[in-house]
Amino acid sequence: MSGTICVVDDEPSILNTLSSILEDEGYQVTLAKNGEEAMKVIQMEPPDVVILDIWMPELDGLEVLTRVRELFPNMMVIMMSGHGSVETAVKATKLGAYDYLEKPLDLEKVTILVRNALNQHKLEEENINLRVKVERHSKLVGASTAMEKLRQQIAAAAPTHSRVLISGENGTGKELVARAIHLQSPRHNRPFVEVNCAAIPETLIETELFGHERGAFTGAVAQKRGKFDFADGGTLFLDEIGDMSLATQAKVLRVLEEQQFTRVGGGKLIKVNVRVLAASNKDFQQEIEKGNFREDLFYRLNVLPIEIPPLRARREDIAALTHHFLKIHAEEQGVKLKDITSEALDVLVRHDWPGNIRELRNQVERLMIMVPKNTIEVDDVLPFMPRGFNRVNPLDAYDSLREARNAFEREYIAVRLRENNWNVSKTADDLKIERSHLHRKIKLLNVELRSEH
């Protein structure tokens, strides 16, 4: 295993011995004979591991450890001392030392400890890189009013331990919202476990959630832990929970109430501390009326409701999302980042995106692959748009500002009425206008009032 080691000690014999041993193991070694020199060496070229003597004149090892941890919080530091005591070892550990060695040194123990520290360092770096990647992919892109409201809801929900029910159309980013809540919560260093309830057969969903004991059924040759078990201390995200069977809903309800469960085929109660986030694209009131979803489970989950707007309701974010996906695809595939013209972006903005953000991301990836040029132009985008798409800018259809404003108001009011199930009073409250004023607008602009039920 390769790695860089810095050895710090005021005894030349210790420096020489450790240098020889570690170099024979294949490590690159730098030496420092006091604390001040150590700080210069470490800051100039940060090593993977520092082996640091505690008792040195002027700047002692504990002070060096404190400074190193401030500058490089993830650096592995192994302390050593010929005047060892339990109190010193405990203090070093509290200050962030990886481990502690007593002199005279056991050289075999030194090499094992360095190897373990390097493994730990590598693992932590991988975790940091993975987190950066996850956070980049989980980034909520957009500066629209709808997105700002969504961020505020996430910020309010995240610090709590309350359950959250996320609703929205397919492809709007319900998983991204769930991850954002988890990453901003006190549980961010604990597991985030996702279960797609629609993708797991009904016969397997219980063992997937709760696990099973050996011999619980034919083929259960070993004990299996369930998702609730894996999520202990962290967050469990139940995606598409509206597709869960009534029998499984009853068992999930019991776990939410008691924070404990038994594995399939087992009798032992397993206690867990799990925060549950759930999501669905279904209308729960309709599902409850049809008898497809338990009302008591709905109220258990719907402590903090968050609704994600469809992409067509925040068209002003489409340009930013497009650039975001262009960058992500270029990084993932190791290819040159492409530019896109404003005219091409205008085409994307005019599309309704029934598949929402997922559809837009797929479209951007398709353009990155299929367009050979460095700049994506309008003629590159149009062939990939759905049949019947209007390639003419709708703004060109209006002869005056008044006509364009009336058309916008007509569509905006119709959308808000539809969202409120054609309830004029509620829509007026949302639009912050008087009910009588909204009635006049509806009549003046010829907005068609109808019910979808």
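How many nonpolar, polar and charged residues does the lining of the largest cavity have, by class? Let's get there together, friends.

A word on the model: this one is predicted, with local features needing pLDDT of at least 70 and side-chain atom pairs counting only at pLDDT 80 or more, while totals for chains, interfaces and linings use all residues. Residues are numbered from 1 along each chain as its sequence is written, and side-chain values use heavy atoms, leaving out hydrogens and water.

Now, the cavity. The structure holds one cavity of 30 Å³ or more, and the largest has a volume of about 60 Å³. By cavity I mean a set of points, on a 1 Å grid over the protein atoms alone, where a 1.4 Å probe fits but cannot get out; lining residues have an atom within 4 Å of a point. The volume is the space filled by probe spheres set on the points.

Who lines it? Phe325, Ile328, His329, Glu332, Arg361, Val364 and Glu365 do. Helix 13 (318-333) and helix 15 (356-370) each give two or more residues, and helix 13 gives the largest share, four. Helices here are DSSP runs (H or I, at least four residues), numbered from the N terminus.

So, the opening question: three nonpolar, one polar and three charged residues. Ala, Val, Leu, Ile, Met, Phe, Trp, Tyr, Cys and Pro count as nonpolar, Asp, Glu, Lys and Arg as charged, and the others, Gly among them, as polar.

Lastly, helix 18 (residues 424-431) packs with helix 19 (residues 435-444) at about 105 degrees, their axes 9 Å apart. The two are therefore roughly perpendicular, a label for angles of 65 to 115 degrees. Axes are lines fitted to C-alpha atoms over the stretch in contact, and angles run from 0 to 180 degrees between N-to-C directions.

Notes:
Angles under 35 degrees count as roughly parallel, over 145 as roughly antiparallel, 65 to 115 as roughly perpendicular and the rest as oblique. On a 1 Å grid over the protein atoms alone, a cavity is a set of points where a 1.4 Å probe fits but cannot get out, and a pocket is an open set with protein on both sides within 12 Å along at least five of seven lines; lining residues have an atom within 4 Å of a point.
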